[in-house]
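The exercises below ask you to read strand order, strand pairing and a chain contact from a structure. Work through each task before turning to its solution.

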Amino acid sequence: MDIADFYNLHKGETCLLVGVGANLELTPPEWFDYPSFGVNTIYKRAGTWKPTYFVGVDERLEREDGAAIMDVYKDIPKFIPYPDRDGWQGENVYRFYHRPGDLIVGGKLPNQPHALTSIGIGYQKIMEAVMQIAWYMGFTTMLMIGVQHKPGAYREHFWGLDKASVEQSQEFWFNGYRDMCTAMNKIRVLNISEDTYVPPEILPRGDWRAWANAKEKMEAV
Amino acid sequence: MPANQGTYLSRGKNKYNTHVTQTFNIDNGAGTTIDDVWYLPYKTVLVAAYKVYTEATDTTGAASANVRAGVAAAGATVLASTALDVATAVGAAVAASLLINEFAAGTTIFTRHTGVATTEVGQYYVEYVYYFLP
């Protein structure tokens with residue numbers, strides 16, 4: 001399969017974007033039976049759940065977790081940028097072009113053929129890259145879990161404290177969310193995370209109960 | 001043997017030139033500074049300044065490093081202290097705001113990079129677009 005084959009592969013479908021925030025286990029991904037995107041250190045989750053797709057962009061991720069990700073998610077399509085991460089090799093890797101420049105550029109939106117290759121995508125945060133890849137794939141509803149952004153607690157993840165990371169501002173993240181939601185005309189983005197600190201005017205809110213189509217099945221098991 | 005320099009043409013006021021600093025490594029050390037020195041022999045007008053990335057940066061970390069420029073070492077009268085850019089692709093040229101544009105002949109511009117601790121990926125240089133005044 002070529003990366004171009006993912007264009008509109010999920011046209012009109014709903015997907016789940018799984019962040020690594022400290023609130024992730026309040027709405028575990030097992031409760032949602034949709035094609036899903038996992039990011040960064042999501043592979044550290046216990047259990048058998050795996051995302052449908054994985055996206056990672058950072059050099060630090062490659063250096064510290066790259067081998068483990070390639071091992072744990074060997075069978076999962078992984079989207080990794082070039083030329084930044086050319087050295088990060090493994091099975092089922094699909095390389096998208098990290099375009100220099102702004103997040104959203106007129107005429108270069110990701111919902112068109114070749115958007116992940118010759119056109120490329122610009123991003124500053126991992127979720128901006130994920131949203132654009134999902135848009136490229138044709139998803140029209142994007143549910144987000146594990147998105148917390150608690151002030152002063154940006155280094156906290158579902159697996160614990162990332163001591164080597166740096167604290168970030170809410171504005172830094174919110175600007176990207178807002179720009180993506182504005183650009184993705186007719187795409188419904190819903191933050192269904194529990195205990196989230198993202199205002200609804202930045203990321204529209206949704207109730208996870210309305211979307212947890214696999215919760216009862218999971219609890220029955 | 002000297003190279004053939006061709007017919008001399010007056011460049012005139014509108015001919016833009018570029019000056020690039022040395023390439024700075026973002027993780028040269030927490031708080032560690034590097035100064036790039038550029039001497040202006042003629043009266044000069046700076047048109048624009050860019051941070052040009054020769055190695056991509058991660059989504060976090062790079063913003064803790066900064067660059068500034070002034071007419072004295074450690075100065076910030078030409079470029080205010082500006083954080084470097086996260087998740088910036090190779091080849092990106094990010095505009096930096098110039099605080100002053102005209103410089104007298106004999107001025108020196110000091111571009112100061114202040115880094116972060118290892119290991120943070122990313123390298124860049126500062127490119128100035130300018131022209132000389134007669």
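**Exercise 1.** Work out the order of the strands in the open sheet of chain A, and find which strands stand at its edges.

*Solution.* Seven strands of chain A form an open sheet with parallel pairing, and their order is β5-β4-β3-β2-β1-β6-β9. Strands are DSSP runs (E, at least two residues), numbered from the N terminus, and two of them pair if DSSP finds at least two bridges between them. At the edges stand β5 (93–97) and β9 (188–191) of chain A, each with a single partner strand, so one side of each has no neighbour in the sheet. From one strand to the next the twist averages 25 degrees, where axes are lines fitted to C-alpha atoms and angles run from 0 to 180 degrees between N-to-C directions.

The model is predicted, and local features need pLDDT of at least 70, side-chain atom pairs pLDDT 80 or more, while totals for chains, interfaces and linings use all residues. Residues are numbered from 1 along each chain as its sequence is written, and chains are lettered from A and ligands numbered from 1 in the order in which they are written.

**Exercise 2.** Describe how β1 and β2 of chain A pair.

*Solution.* Strand β1 (residues 14–18) and strand β2 (residues 36–39) of chain A pair in the parallel sense over three bridges, and A:Leu16 stands opposite A:Ser36 in β2(A).

**Exercise 3.** Find the strand order of the open sheet in chain B.

*Solution.* Four strands of chain B, paired antiparallel, follow the order β3-β9-β5-β6, with β3 (33–40) and β6 (79–83) of chain B as the edge strands.
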